[in-house]
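Have the sequence and the 3D view open side by side.

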Amino acid sequence: MMAAAHKPVMLQEMLAAVAPKDGDVVVDGTFGAGGYSRALLTSAKCRVVAFDRDPEVKLLADALAREATPGHFFFFASRFSTMLDVLMENGITEVDAIVLDVGVSSMQIDAASRGFSFAKDAPLDMRMSCSGTSAADIVNKAPEGELIRILREYGEEREAKRIARAILKARDVAPITTTKQLAELVASVVRGGKIHPATRTFQALRIEVNQELAELEAALHAAEHLLKPGGRLVVVSFHSLEDRIVKQFLAARCGAPEKISRHSPAALLAERITHQGTFKLTPKNPITPTEEEVRLNSRARSARLRCATRTAVPVH
């Protein structure tokens with residue numbers, strides 16, 4: 001099969017967590033360059049249903065569909081938050097595993113014209129779907145308070161107020177339309193450190209443009225409905241905001257033990273009551289990449305893989 005343009009992160013760990021078997025239906029929520037889908041198809045005679053909102057990956061998906069066994073690979077040019085509706089409309093009511101590699105892809109970062117990175121000067125875009133509101137629209141039109149909220153909430157930027165005021169002052173003179181303009185503007189008001197001063201600003205704008213955290217939450221809820229008992233949910237995240245959402249969702253869905261008084265009548269039957277959960281953590285702690293993978297692929301450094309298995313408890 002065609003080699004992926006970029007090496008997928010924690011590929012072997014993902015395969016071990018999914019453990020695909022012949023006949024399984026697996027959802028790859030973030031097709032990207034197709035690394036995960038290709039590996040799943042190679043490891044077992046399973047069916048893979050892939051999603052991606054980026055129209056530029058369709059050629060890769062079409063190529064994989066031609067190479068795969070007929071009827072074993074399907075691609076939908078759609079956000080993974082829509083997977084429940086899309087699959088139901090196509091007669092798929094339950095699946096054996098769902099894999100989400102969340103955040104921006106290496107292909108999108110490396111394509112200077114997409115405007116995700118300030119490494120090269122490019123239009124200030126950042127749209128994964130290549131449509132809708134761009135980063136330039138937000139930077140040039142959002143009120144000061146909204147800019148501050150975005151920078152603080154999605155970039156965890158301490159200097160959000162100074163950056164927002166600098167943006168307003170600059171755009172009163174001329175629109176901010178390129179990645180270089182914005183990066184230099186932020187660097188002019190924020191001191192440098194271990195990372196470029198504009199790193200958090202670019203992260204915040206990208207998350208806002210693509211509504212990444214809301215999309216992730218919707219996908220997690222969809223997975224809860226779609227996975228059959230024993231089905232696996234595997235999520236690879238790359239920064240703390242994403243990982244926190246996954247961690248909190250699974251903690252809420254795994255059921256928490258509730259302590260009861262030893263003087264309570266219930267104590268005669270059990271020492272504690274356990275709320276039934278729709279998921280069980282497998283394993284309990286997140287999996288991190290090996291030192292060797294980090295050495296070969298720096299993007300893997302911050303990756304965290306969380307895996308949970310669907311129980312037979314109905315969705316509340």
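Buried means under 20% relative accessible area, exposed means over 50%, and partly exposed lies in between, with a 1.4 Å probe and protein chains only. D125 is buried, because its relative accessibility is 17%. The model is predicted: local features need pLDDT of at least 70, side-chain atom pairs count only at pLDDT 80 or more, and totals for chains, interfaces and linings use all residues. Residues are numbered from 1 along each chain as its sequence is written, and side-chain values use heavy atoms, leaving out hydrogens and water.

Start with the whole chain. It has 13 helices and 9 strands. These are DSSP runs, numbered from the N terminus: helices are H or I with at least four residues, strands are E with at least two. Of the 316 residues, 49% are buried. The accessible surface is about 15900 Å², and carbon and sulfur atoms hold 52% of that. Such areas come from the Shrake-Rupley method with a 1.4 Å probe; for residues, only the protein chains shown count as cover. Now take the contacts, meaning heavy atoms within 4.5 Å. Among those with a separation of 6 or more, 70% join residues 24 or more positions apart.

Next, the charges. Side chains of opposite charge can pair when their charged atoms come close. A salt bridge here is a side-chain nitrogen of Lys or Arg within 4 Å of a carboxyl oxygen of Asp or Glu. The whole structure holds 20 of them. One joins R53 and E215, at 4.0 Å from N to O. This pair links distant parts of the chain, 162 residues apart: R53 sits in the loop between strand 2 (47-51) and helix 3 (58-67), E215 in helix 11 (residues 212-226). Both R53 and E215 are buried. R127 bridges to D125, with the closest N and O atoms 2.7 Å apart.

Move to helix 7 (residues 144-155). Here E153 and R149 form a salt bridge of 3.0 Å, N to O. Why about one helical turn between them? Because they are 4 residues apart in that helix. E153 is partly exposed at 40% relative accessibility. R149 is partly exposed as well, at 28%. The pair belongs to a network of salt bridges that links E146, R149, E153 and E208.

How do helix 7 and helix 10 (residues 199-210) cross? Their axes come within 8 Å, at roughly 100°. The two helices are therefore roughly perpendicular, a label for angles of 65 to 115 degrees. Helix 7 brings E146, R149, I150, L151, Y154 and G155 to the contact, while helix 10 brings R200, T201, Q203, A204, L205, I207 and E208. By class, that makes 6 nonpolar, 3 polar and 4 charged residues.

Finish with two single residues. Y36 is in helix 2 (residues 35-43). It is buried, because its relative accessibility is 4%. Beyond four places in sequence, Y36 touches P8, V9, M10, L11, M14, D28, V99, D101 and V236. Y36 and V9 are 27 residues apart in sequence, yet 9.0 Å apart from C-alpha to C-alpha.

I287 lies in the loop between strand 8 (279-281) and helix 13 (291-296). I287 is partly exposed, because its relative accessibility is 26%. Its contacts beyond four places in sequence are M10, E13, A303, R304 and L305. The C-alpha atoms of I287 and M10 are 9.1 Å apart, across 277 residues of chain.

Notes. Axes are lines fitted to C-alpha atoms, for helices over the stretch in contact, and angles run from 0 to 180 degrees between N-to-C directions. Angles under 35 degrees count as roughly parallel, over 145 as roughly antiparallel, 65 to 115 as roughly perpendicular and the rest as oblique. Ala, Val, Leu, Ile, Met, Phe, Trp, Tyr, Cys and Pro count as nonpolar, Asp, Glu, Lys and Arg as charged, and the others, Gly among them, as polar.
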